[in-house]
Amino acid sequence: MPEPLLSVRDLEVSFATDEGVVQAVDGVSFDIGQGEILAVVGESGSGKSVSAMTLMGLTRSPNARFSGSAMYKGEDLISASDERLQDVRGAEIAMIFQDPMSSLNPVQKIGAQIVEQIQAHEALPDAQARERVVELLERVGIPRARERIDSYPFEFSGGMRQRVMIALALSCDPNVLIADEPTTALDVTIQAQILQRIRSLRDETGAAVILVTHDLGVVADIADRVAVMYAGRIVEQGSLDDIFYDPQHPYTWGLLGSITRVDKPRPARLPAIAGLPPSLADRPEGCHFRPRCPHEFAKCTEVPPLEARVEGGQHLDRCWLTVEQKRSDREVLPGEIGLRSKEGAPA
Amino acid sequence: MSSQPEPDGKLLEVEHLKLHFPIRDGIIFDRQVASVHAVDDVTFDLIEGETLGLVGESGCGKTTLSRALMRLLEPTDGTVRFRGKDVTHAGHKQLEPVRRDMQMVFQDPYASLNPRKRISQIIGLPLRLHGAPRDSIENRVRELLEKVGLHPEHLNRYPHEFSGGQRQRIGVARALALEPRLIVLDEPVSALDVSVQAQIINLLDDLQDEFKLTYLFVAHDLSVVRHVSDRIAVMYLGKLMEVSPAEELYTKPIHPYTGALLAAIPIPDPRENRRRERIVVGGEPPNPINPPSGCVFHPRCPRATDICRTVEPPLARYPSGHLAACHHPMNVTEDEIRAAERDETSPHGCGDELPKDSLETVSLPGSAGAS
Ligand SMILES: Nc1ncnc2c1ncn2[C@@H]1O[C@H](COP(=O)(O)OP(=O)(O)OP(=O)(O)O)[C@@H](O)[C@H]1O
Ligand SMILES: Nc1ncnc2c1ncn2[C@@H]1O[C@H](COP(=O)(O)OP(=O)(O)OP(=O)(O)O)[C@@H](O)[C@H]1O
Ligand code: SF4
Ligand SMILES: [Mg+2]
Ligand SMILES: [Mg+2]
């Protein structure tokens, strides 16, 4: 692999709460190269957004603790000053936030917010900046944007607000785009157009894209590589085909087994992984998936490292089972991969 | 319970509902210069115990329609009846008895949770407002949290201390707290991984079986909508384009917009996805301030002809009970076209002419059963 553009090592993030220390991110490491699209998938609450926001310096609150590094062009983002990160944000690394309303100012007109953002990085007169905004909004499918830019965020639909965020993030041709659930409020046709825009950003400028998403259809459509997170850790990482056709971690099996498809018969009940994710304030010893894993054995009380177990060296996972065991134990239904339910656990 | 359901089982009746937002001139503040036709003459019923799925383009009016039904917005025109009672323009006092029976899960979970309140207070609030005793509230809140897959340790946290999907589940727990009759769910599972999503949907299914709940389920994920719905309504630019028995929408889409939607679904299988050629609707997305004449989909429709540009098509009812508003329907036979009738839910002001021709049957790549 060529020199990575962004290299994250042993990232840990924890928050002090009334109920104890919540370990939201627990030793996350990954590299992403120029022109690469890395999809990050995983359990709701597993630390995807906190990891992404930490790279941007946006989780620096008094109750948060961090360690680890994130090297970008020879500079560590985790220890960089707030001023430095402010320059990097929006200009070199842009982020599309999961919750558009949490990052749009509710009492400022949409056009004015984007103008402000553009002018923070580029000296453009107002009239020209407004023209740019109209063009940006039309490129994300908001028609007659000129008539709409004086609206407030509440006057836009959920998907329109999400597209405003996308327009903002793309406004400066970033080198790294971190997109946290960028298409959850979009219908599939507009989603396809947005994914096309992300692809062309990558193709034209060689940007690296970290795409956090729950939509495995989107992953199949756009990702080069995939990282799967569970309870603060990356439990598996590999090429798109590795993850879909030779998944190594039992959590990944469960995730893939929970997919519903419109082109397959409708099951009476949706398959789901039995049980709850662990409490992050009181995590199980060893493998975090152990309490829900039907294949767990004595060794699993030790933390499995994220390493290459499959031949080839690029496909990493955190499960103690041997590759042979994994390939025979995962349930292969016709055309699908799933996780057998754990005996005694509620379905 | 406030009143008995209607004998024909209609929990909610919506007739010719319109909701237009005024657009005001920025300088002279009071002058209305135009309006956004967010919901433009929509008619449908919700039968007690059913789930109606609602899908459509981003910005087509799904949230506005939902909020109007909940009477969080006052309709511009038309009627909303809940258990036979006209609530279209009901004031705060008159709405009080029906409020607890209708709950909503909001699309934007972050904006719908009070940032200064702990989760236990947020979920407990509807219970407190309706006079539940203190100690029962705490137990109920714990029980609800567990049902949506959260831990007791989350009780004392504030909304900003949760992940996106956790906040979404807090919204679901809050809506379930009062055991309402009708729940309008606006994108309730869009921030959840497929496994947690399945748990929440199975929970909603169980509650529906047990208490005969009625759901309006708004979502962009067409596989989730297929799973939960009995019927599905497809909306485009403030209007209903198609209303279909759930499974049939996927095997036999009649409206070209529905066809375009189904064709754009990404398949969660990289090899199949690479093999498939996807057709994405072209053209400029529509402008709700000045909607197109005739069929609102005509500027982007590959089948559009002169009549489409001038006459708004009525909702035609085909023999299986499937409704579609299109002059040139897909996937219907000559016999079905001959048997079609103008449905009484058609908007005011649309034409009387039913489709005459059935252009060739279009088979959709990747859609179920279509071959
Ligand atoms: N400020 C905070 N204080 C305490 N806990 C927090 C805080 N922020 C996040 N968490 C917890 O950290 C964990 C990781 O959160 P994160 O938002 O990264 O999840 P996620 O993987 O993005 O999930 P989702 O898919 O639901 O968005 C969650 O369990 C969340 O409850
Ligand atoms: N308060 C408001 N004032 C003015 N216009 C509004 C207001 N609320 C919504 N709109 C407009 O009404 C139209 C419909 O919006 P709505 O939120 O109902 O769409 P939606 O179908 O829910 O879309 P999405 O799938 O993106 O959530 C949009 O053009 C939107 O900009
Ligand atoms: S390490 Fe053990 S518990 Fe964890 S996933 Fe593998 S088999 Fe299951
Ligand atoms: Mg998140
Ligand atoms: Mg909406």
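**Ligand site and interface**

Analyst: Residues from chains A and B surround ligand 2, so the site is shared between chains. Keep in mind that this is a predicted model.

User: Which residues come nearest to ligand 2?

Analyst: A:Arg148, A:Glu155, A:Ser157, B:Thr63 and B:Thr64, out of 23 residues around the ligand.

User: Which elements supply at least two residues of that shell?

Analyst: From chain A, helix H7 (158–170). From chain B, strand S2 (32–47) and helix H1 (62–69).

User: What lies 2.7 Å from an oxygen atom of ligand 2?

Analyst: A polar side-chain atom of A:Ser157 does. So does one of B:Ser58. For B:His220, a side-chain N or O atom is 2.9 Å from a ligand oxygen.

User: How much of ligand 2 does the protein bury?

Analyst: 93% of the 640 Å² that the ligand exposes when taken alone.

User: Switching to the interface. What area is buried between chain A and chain B?

Analyst: About 5,800 Å², with carbon and sulfur atoms giving 52% of that. Chain A puts 70 residues into the contact and chain B 69.

User: Which helix gives the largest share of chain A's side?

Analyst: H8(A), with six residues. By class, that side has 31 nonpolar, 21 polar and 18 charged residues.

Key. Residues are numbered from 1 along each chain as its sequence is written. Chains are lettered from A and ligands numbered from 1 in the order in which they are written. This is a predicted model: local features need pLDDT of at least 70, side-chain atom pairs count only at pLDDT 80 or more; totals for chains, interfaces and linings use all residues. Side-chain values use heavy atoms; hydrogens and water are left out. A residue is near a molecule or strand if one of its heavy atoms lies within 4 Å of it. A polar contact is a pair of N or O atoms within 3.5 Å; within protein, one must be able to donate a hydrogen and the other to accept it, and residues adjacent in sequence count only if both atoms are side-chain atoms. Accessible areas come from the Shrake-Rupley method with a 1.4 Å probe; for residues, only the protein chains shown count as cover. Helices (H or I, at least four residues) and strands (E, at least two) are DSSP runs, numbered from the N terminus. Contact means heavy atoms within 4.5 Å. Buried area is the accessible area (1.4 Å probe) that two parts lose on being put together, summed over both. Ala, Val, Leu, Ile, Met, Phe, Trp, Tyr, Cys and Pro count as nonpolar, Asp, Glu, Lys and Arg as charged, and the others, Gly among them, as polar.
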